[in-house]
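Me: I would like a close look at one part of this model, namely its disulfides and what surrounds them. Please take it slowly and connect the pieces.

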Amino acid sequence: MTAAVAATAAVGLGRWFDMSPEEIRNIMIDAARDKVAAPPCFWYDVVIVMGKTAKKKLKTSVPECVIGESIRRITLGVIDKDKPNWISLDNVKLLIMRYAEKHKCKRNASEEVAVAHHARILSGYVREWVRLLADGGAAGSLEHMTLSQAVLASYLSSLRYC
Amino acid sequence: MSRVEVKEVEAGEVPVEIIVEKVNELLKRYELYGETRMMNKSAVSRLCGTIESRRISKAKQIEAVAKATGRYPYVVFAFQREKNVLCMPDANYYVADGIYDVHVIDCDGDRGARCAEVAANVADILGLPLPQEALLALADEGELCARNILPCRKRAERAEGQFEAPVERKGAEAGEEAEEVPPVVKRVMDTLLSMRAAMREAARQGQQSPPPQTPQPLPTQPLPTPQPPSPDPKGVLKEVGLGWLVPVLDDPASAAAVRFVMENREVLNALKDEEKRKMVVQAIKEGGIPAPSTLDRALEKWSSKEREKLLGLLSKTRDLYSLASALIEYLTNNDHCTFEAVKTILDTAAERGLTCEAVEQMLSQ
């Protein structure tokens, strides 16, 4: 009884929680599909809340496709497609923090810990891109988790997770 | 902090000697006082508690003293606060007969924390374990924390403790409010709210513009049969922006609940009144159908229409189960999600221009 549980969870937590978990998920998916404009820091925040925090506080998990979309947008926000040089995607946490810095997203120590923790999960997505794009070393190196920024930007621009 | 003086008198078999005179000096320094009693093992045990021989092995240092001297010349601190006595070393180490130099210290009033400090230091010197519970028998946690005897609880834990009372007082809502919401969750929710507002605004604008378009397709595509506008209820829900409602259609229990509320909306609205609710819950809990006359009397506050509807419901044996299950779930707070969910669904549907009849029709398919 998804909607029932969702609505119960939405009751009584003040203005933030007048949305049902189902609605939260749908808005996230809509944002990932560009049906509604989301501020850049939203994607950084999604990385922080994904997992237990979302389940506990938002009473819903962050949809998997939204997580993929977050790391896609974060990576796209960090890389410079005009630069021909390769970028190391080995440290996903660093990537996310660079994005947060670039967009001046609010952050604190505990949130950075969450980012570090979730970066390990998100590195799965990044590894997948590198595996696809490294192409025998022409555009990147799987061993060193590096990719040509232009190739990566082109690929990520066409990629949609939701 | 001054400690009981421990002095090595001989290297080898007698590693430790406690100088008893220092005890009084120590107590004086802490402005503590008591009486010194010479006791045998059984008297000490009576004061300090029973002996658990299995724990003796922990007192290696004391055992060494006892073995070396052969006379068990113990010094025992008995910190006494009202009926609680904390002995240091505790009774587990009174291993043999002998004369014990027992300092019974008065720890009443504000002396409790000082006693706890001396006890902690003695335990430290003798290398003995000192459980927190024993210290808490002498002084409050706050005092022990202030004297660095016990580690201070984290602020958050303390805050939780402070919230316990309001939670009990105000119930579940207060509990939820007391729950800390991390800033990132607030940020996400704020963003989602603003996005929702933007989406609604866009939908409103979209709804305003289509009316001129809707009349156009009607003459061009006249439907031969007066069937519902869309054969797929899920499609309709998605079209009107209620896509999130689709899972309800897949769940027979939810769909049944929606139907129940659709049919009995007035009754359920009337049941929001606490007094009215109590009576109905009582009637349902007791089992069977309450006599209409008694029920009617109890329902004086109800409007005649509501009363009629409720009585009609209760008189239908076939519907009693669904009524009872739905109402009990809602009214006894065991799981009122059904009602809340259904209410949310209906409110949202009404807000978005979907009529109750349409929802009911979808659910009945």
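Are Cys41(A) and Cys105(A) buried or exposed?

Reply: Cys41(A) is buried, and Cys105(A) is buried as well, where buried means under 20% relative accessible area, exposed means over 50%, and partly exposed lies in between, with a 1.4 Å probe and protein chains only. Before going further, note that this is a predicted model, in which local features need pLDDT of at least 70, side-chain atom pairs count only at pLDDT 80 or more, and totals for chains, interfaces and linings use all residues. Residues are numbered from 1 along each chain as its sequence is written, chains are lettered from A and ligands numbered from 1 in the order in which they are written, and side-chain values use heavy atoms, with hydrogens and water left out.

A search of the whole structure finds 3 disulfides over all chains, a disulfide being a pair of cysteine sulfur atoms within 2.5 Å. One of them joins Cys41(A) to Cys105(A), with an S to S distance of 2.1 Å. The torsion about the S-S bond of Cys41(A) and Cys105(A) is about -95°, so this disulfide is left-handed. Because Cys41(A) lies in helix H3 (residues 40-49) of chain A, and Cys105(A) in the loop between helix H6 (92-102) and helix H7 (109-133) of chain A, the pair ties together parts that are 64 residues apart in sequence. Helices here are DSSP runs (H or I, at least four residues), numbered from the N terminus.

Another disulfide joins Cys65(A) to Cys162(A), at 2.0 Å from S to S. Its torsion about the S-S bond is about 90°, so the disulfide of Cys65(A) and Cys162(A) is right-handed. Cys65(A) lies in helix H5 (residues 64-78) of chain A and Cys162(A) in the segment after helix H8 (149-158) of chain A, so this pair ties together parts that are 97 residues apart in sequence. Cys162(A) is partly exposed, with a relative accessible area of 26%. With the bonded cysteines of chain A numbered in sequence order, the pairing is 1-3, 2-4.

In chain B, a disulfide joins Cys107(B) to Cys115(B), with S to S at 2.0 Å. The torsion about the S-S bond of Cys107(B) and Cys115(B) is about -95°, so that disulfide is left-handed, and both cysteines are buried.

Returning to H5(A), this helix meets H7(A) through residues including Ile67(A) and Ile71(A), which face partners among them Leu122(A) and Trp129(A), contact meaning heavy atoms within 4.5 Å.

How values were computed:
Helices (H or I, at least four residues) and strands (E, at least two) are DSSP runs, numbered from the N terminus.
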